[in-house]
Amino acid sequence: MTTGDLNSIDASIDSLGKSAEVKRFLLATLLVSRFHLTSRPISQANDSFFHRISNHCDKLLETLRKPGWPELLPEMETGLEDMRFVADWSKDKDAAKTAGHVFKKDFYKYFRGININWSHLTPVDDLTINRWQNPKHILIAFGPNIGIGDELIFFRVARRLAKRYPASKLEVISFSRTLWDNCDFISKVSYPVENQLAPFSRAKEILNDDNNNFVIFAEFATAPLYRNLEVVPGINRFIYLDTGSRVARIIDKEKSEIFEYGLPLETRIYETLSRFLDVIGLSGEHDNSGWEPPIRGKINAPAKENKKIFINPFSSKDYKLLGTGWWVDILKYINNVNPVEVVIFAGINDQSRGFAGEIADKLNEKDCRASLYGNDSVPTILDTIETAIDTDLVLGLDTFTGHVNILQSTPCISVFFGSRWYGWYVPDTNVFNVSIHDDAEHIGKLAKRLLWPAGPEITDIARPFFNNATQAISQIRKGDIPVNLIDTFRMGQNVAKKLEEFDSDFSELFSGSLQYYAQSLEQVLNRNTPSPPDNKQFTIFLEKVIKELEESNFYSYIGYIVKRAAM
């Protein structure tokens, strides 16, 4: 297939063939895509995902109704005949909810046989990526259902592949146009945004070219789709990594074998990917948090008083829950001697541009100098990321904000719509997590102390605590009980006290939770001295305590100032 053919669904069908297995796979693809349409939030500020997947769904349905396909089970054929085109739906949220109810009813009536929870291949324990030595060509193919932030995480997968196979051609197919354009260890990038089947027809072509070539499919919550891919002729060996379903699979159809690995859905997303890479045989040198250095380092520009902030007030959720005044109030508390430059992302349509413009209009010019990014035309994904990480602080909604640290170390505050951010916790001391329920004053003061952090008088006493805490985290992950864990928490309390003396704002930012953790830990350990119990439940208790510390903004802030001082 040529690059132009990648955007042609007919060319992909010609490559895959019109077999019963391919038809069943296409039906699974259609059903999974329609599920994402009816289950994921529809935001008026970010409707491009909905329109793109809607277009994919209707093209697939039209393709499946064309003559020349073999018959599937009678109930599946009836379901296909009864299915409405997404273009016929009303675009309001109530209509989408109604369509979701209809989809679930029709799925159980016609298509339950599509979602099989096991493979027809023989399960084995010893199947890894090492089975295919010295591949000439490796394809990393992203599906259309994965978000930009979740796709960013896979830059580390590409980097490990490039290091493991330096002589191999490394190719990427993505539906996030321009995202991979500046990744210098990738040989070829394609963005077939019009053709949902392009990753599979291209995979077949690469796999048939050489017996050692392999494909990695990366997606989000699409496990039934790739289960049906296992029976498609010509796609005989591939790896499937699904951070949404927390499932990894390695398929070798030539030997009729499969290795499957699953994790609980509550597993953190970065931990999920690290474990996936370990079990498929692509382990790398990284610390115990599963974090690796960014793709490129931050250019150490000289310190300047006029700080610059990038704000993204949009996500897949309903951004209007916050209102423009909430963002204005945050910025009001980031005042200093010199005004802060604020770059506000204007979104992708007239509604979002109006919202961003209202934020800018409400700002006091004495405190902030605002500009709208992308007000005249929608910028590319890569240009937006580059603009964001070129500032001193990124403040935005949801997980994408923190994921930019995959590319370059950048201080970030991610604003979440609830407590589910824990699943997307970014194990990096540049990233701070807050909720829409937090006071704007709290977030503004945190941002201020990232732009103008505590000085050496705090860093000198913070460094021993951070080193001890980091070591304790590592030991507990290995199943060991750290020595003097209570002392480490007491050191942390002392650091929090010094921060409060340095600036009273730190009192409400960090002190309370740390004091509670220390008291709780002390009560348990004092009852079990001098020898803590050696049992699984006590280890789980320590893991919970240390995880709360590691994922706290306090620990991140101490690491932030300690690492900055070492630069």
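Here is a quick briefing on how this protein is put together.

This is a predicted model, where local features need pLDDT of at least 70, side-chain atom pairs count only at pLDDT 80 or more, and totals for chains, interfaces and linings use all residues. Residues are numbered from 1 along each chain as its sequence is written, and side-chain values use heavy atoms, with hydrogens and water left out. The protein has 20 helices and 14 strands; these are DSSP runs numbered from the N terminus, with helices being H or I of at least four residues and strands E of at least two. Of its 567 residues, 56% are buried, where buried means under 20% relative accessible area, exposed over 50% and partly exposed in between, using a 1.4 Å probe and protein chains only. Among contacts with a separation of 6 or more, 72% link residues 24 or more positions apart; a contact means heavy atoms within 4.5 Å.

**The six-stranded sheet**
- An open sheet of 6 strands runs in the order β11-β10-β9-β12-β13-β14, with parallel pairing; two strands pair if DSSP finds at least two bridges between them.
- The edges are β11 (368–373) and β14 (431–435), and each has a single partner strand, so one side of each is left without a neighbour in the sheet.
- On average, neighbouring strands here are turned by 20° against each other, direction ignored.
- β9 (residues 308–312) and β10 (residues 340–345) pair in the parallel sense over 4 bridges, and K308 has E341 in β10 as its bridge partner.
- Helix α11 (residues 324–332) packs on this sheet, touching β9, β10, β11, β12 (393–397), β13 (412–416) and β14, and its direction makes about 160° with that of β9. Axes are lines fitted to C-alpha atoms, for helices over the stretch in contact, and angles run from 0 to 180 degrees between N-to-C directions.

**A covered strand**
- All of β6 (residues 237–242) is tucked away, with 6 of its 6 residues buried.
- In a regular strand the side chains alternate between the two faces of the sheet.
- Both faces of β6 are covered: R237, I239 and L241 are buried on one side, and F238, Y240 and D242 on the other.
- β5 (residues 214–219) pairs with β6 in the parallel sense over 5 bridges, and I216 has I239 as its bridge partner in β6.

**Helices**
- α2 (residues 20–39) and α4 (residues 74–82) have axes that come within 13 Å and cross at roughly 50°.
- That makes α2 oblique to α4; angles under 35 degrees count as roughly parallel, over 145 as roughly antiparallel, 65 to 115 as roughly perpendicular and the rest as oblique.
- Where they meet, K23, R24, L27 and L30 come from α2, and M76, E77 and L80 from α4.
- S54 sits in helix α3 (residues 48–64) and counts as buried at 8% relative accessibility.
- Leaving aside neighbours within four places in sequence, S54 is in contact with L37 and V86.

**Cysteines**
- A search of the whole structure turns up 0 disulfides, a disulfide being a pair of cysteine sulfur atoms within 2.5 Å.
- C183 is buried at 7% relative accessible area, and C368 is buried at 5%.

**Positive phi in two loops**
- Most residues other than glycine have a negative phi.
- N134 has a positive phi of about 50°, lies in the loop between β1 (122–123) and β2 (137–142), and is exposed at 64%.
- S256 has a positive phi of about 55°, lies in the loop between β7 (247–252) and β8 (257–262), and is partly exposed at 36%.
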